[in-house]
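Subject: Handing over the structure

Hi there,

Here is the structure I promised to pass on to you. Please open it first and have a look around, and then read my notes below.

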Amino acid sequence: MSEFAYRHLFRAGLPPIPPPAPAKPRILMNSGHNAPELIPCEKLAAAAERVIRREGTALARYFSGPRALGHEGLRRVLADMMRKTRGIDVGIERILVTSGSGQAIDLVDWLFLTPGDVVLVEEFTYHGAITRMRREGAELVPVAMDEEGIRVDALERQLEQLAARGVKPKFLYTIPTVQNPTGTVLSLARRRALVDLARRHALPIVEDDCYSDVFWGGEAPPALYALAPDQVIYISTLSKTFAPAVRLGYVVADPDVLQQIVQMKRDGGTGLLDQMIVAEYFAEHHDDHLAEIRARLHHKMKVTAETVRKEFGVSAEFTEPDGGIYLWVKLPEAVDGRSFAAAAAREGILYNIGQEWAADAEQGRNRIRLCFALTTEDEIREGVARIAQLCFEANGVPAFRDNVARERPPAA
Ligand SMILES: Cc1ncc(COP(=O)(O)O)c(C=O)c1O
C-alpha cells in the first residue's frame, strides 16, 4: 500500500493500474516482445565501442534545436531501409526519430485530436493506438476488414454515414502491412483504391508500418506514404525490426509538419546513445539482419500454428500470417477469450484477449492473440497446450487433443 498522502490530488481519468500478476510470468505470449536470440549482442557491442570512441563527445549536448529531428546517421539508415523495402524515397529532412512509435502515435494524436473528434480505424487494431486515441477523447469508428485488411467499400460506406450525421473524421489510422493483430497485407490495388477514396473525402491517413521489415511473403507492396505523400503521415519503429527496448521509432512527413510535431515533443530529444549505436550497427548489417529475423520468426510462427492446430483442432480458426510476431486466433462463438486468462496467469502463462484489440470490444470476444517471438519453441508448445486445456475446462472446447477426448482435472 502506498504511503504517499496526496494520491487523492492526482488528476481524474488516469489509466488504471493493473493488479499484480498472480504468478511469476513464465511463458509470455502477450504483448509484442521480440526474440532474445535475435539480439546481435556481440556485433552490437562492437558497434557501440566504435561509435562511442568516434562520436561520444556529442552526448554532452541536449538533442534539441536544429538536431531535434534525430541523429543524422540513423536517419540516413532509416531512409535507406525505407527505400529498399517500402518504396519510400525521402531525404532525411522528412524523418523525425521518436522514442518508440508509441510516442509517434501520441504526437500525431496531439497534432489532430481534441475531445469528441472521430477517427476511423480497422475493426481490429493495435491496442496501444486504441487506448491513446481514446485518452485524447476521440471516438473510434471501426471499418470492416477481410482477409486482405481494411475494406475500401466499407470505409466508403462509413464516410457516407458519418457525412449524413454531419461528422467529418479527423483521420484514418491504418496498419496496411502485416496488420496488428490480424496479420493481413493490403494488396497494391487496394492501397491505390484506399488513397483515392481518402483523397476524394479529404481524409488524412496515419499509416502505422510497424512490421513491414518482418515480412517473409516476398516483396511487400509499397507503403501508402509512397503512393500519396501529400495525404499520409507515416509512422514506423525499430522495435520489431531490431529491439523494443531501444525505444526508437520514427515519423515521415512534410518537413513543416515535422517541425510542428517537434514543437510538441517535450522530452529534450530521443536518447542519442541508442541512436548512434543502432545506426552504426545497421550501416553494416542491414540485409543480413533482416534475413535472419525473417527466417527465425517465420519458423516460430510455423511452430505456433502447428501447435494451435494440434491442441485446438477445429475449435481454432486462423490464417498463417506472412510476417509479424502474432497469431490471431478465432475461437467458437460461445467462447470468451477472457474466460481462461486468469487460470493461465496463475500458471504464469500470458496471452492477449481479443477485446483489447477491437474498436468494438464485443467483436473481439471470442479471439485471442498469441505472440510467438519471445518464447522458446518448447515454451510455445507448453503454453499453447495449457491455454487449450484451460479453455476446455472453462468452456468445454476444444473437446479433443489430437483426436483424444480431453478430461477435466479431478475436483480439488
Ligand atoms: C502497430 C503497432 N504500432 C506501434 C507499436 C508501438 O511500438 P513501439 O512504441 O515499441 O515502437 C506497436 C507495438 O507493438 C504496434 O504493434
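Let's begin with the core. The largest nonpolar core has 115 residues, and please keep in mind throughout that this is a predicted model. Within this core, the residues with the most contacts are Tyr234, Val251, Val278, Leu327, Val329, Leu370 and Phe372. Helix α9 gives the most to the core, with 13 residues. Where does this core lie? Domain 1 (19–40 + 288–405) and domain 2 (41–285) both give residues to this core, so it lies between them. As general background, nonpolar side chains tend to be buried together in soluble globular proteins.

Leaving aside residues up to four places away in sequence, Leu327 touches Met301, Thr304, Ala305, Val308, Phe318, Leu370 and Phe372.

Next, the two domains. The protein is divided into domain 1, made of 19–40 and 288–405, and domain 2, made of 41–285. Their C-alpha centres lie 26 Å apart. Across the boundary, 28 residues of domain 1 are in contact with 29 residues of domain 2. On the side of domain 1 that touches domain 2, the elements giving two or more residues are α9 (272–312) and β11 (326–330). The largest share of that side, 7 residues, comes from α9. By class, the residues of that side of domain 1 divide into 12 nonpolar, 10 polar and 6 charged.

β11 also turns up in a sheet. This is an open sheet of 3 strands in the order β11-β14-β13, with antiparallel pairing. β11 and β13 (352–353) stand at the edges with a single partner strand each, so one side of each has no neighbour in the sheet. Strands of a sheet pair through backbone hydrogen bonds, in general, either parallel or antiparallel. Here, β13 is joined to β14 (residues 367–371) by 2 bridges, and the two strands run antiparallel.

Finally, the ligand. Which residues are closest to the ligand? They are Gly32, Gly100, Gly102, Thr237 and Ser239, out of 14 residues that surround the ligand. Helix α3 (residues 100–112) provides the largest share of this shell, 3 residues. Sorted by class, the shell has 4 nonpolar, 9 polar and 1 charged residues.

Enjoy exploring, and write back with any questions!

Best wishes

Methods:
Residues are numbered from 1 along each chain as its sequence is written. This is a predicted model: local features need pLDDT of at least 70, side-chain atom pairs count only at pLDDT 80 or more; totals for chains, interfaces and linings use all residues. A residue is near a molecule or strand if its C-beta atom, placed from the backbone, lies within 6 Å of it. Helices (H or I, at least four residues) and strands (E, at least two) are DSSP runs, numbered from the N terminus. Ala, Val, Leu, Ile, Met, Phe, Trp, Tyr, Cys and Pro count as nonpolar, Asp, Glu, Lys and Arg as charged, and the others, Gly among them, as polar. Domain bounds come from an automatic or database domain assignment. Two residues are in contact if their C-beta atoms, placed from the backbone, lie within 7 Å. A nonpolar core is a set of buried Ala, Val, Leu, Ile, Met, Phe, Trp, Tyr and Cys residues joined through C-beta atoms within 7 Å. A residue is buried if 20 or more other C-beta atoms lie within 10 Å of its own, exposed if 12 or fewer, and partly exposed in between; C-beta atoms are placed from the backbone. Two strands pair if DSSP finds at least two bridges between them.
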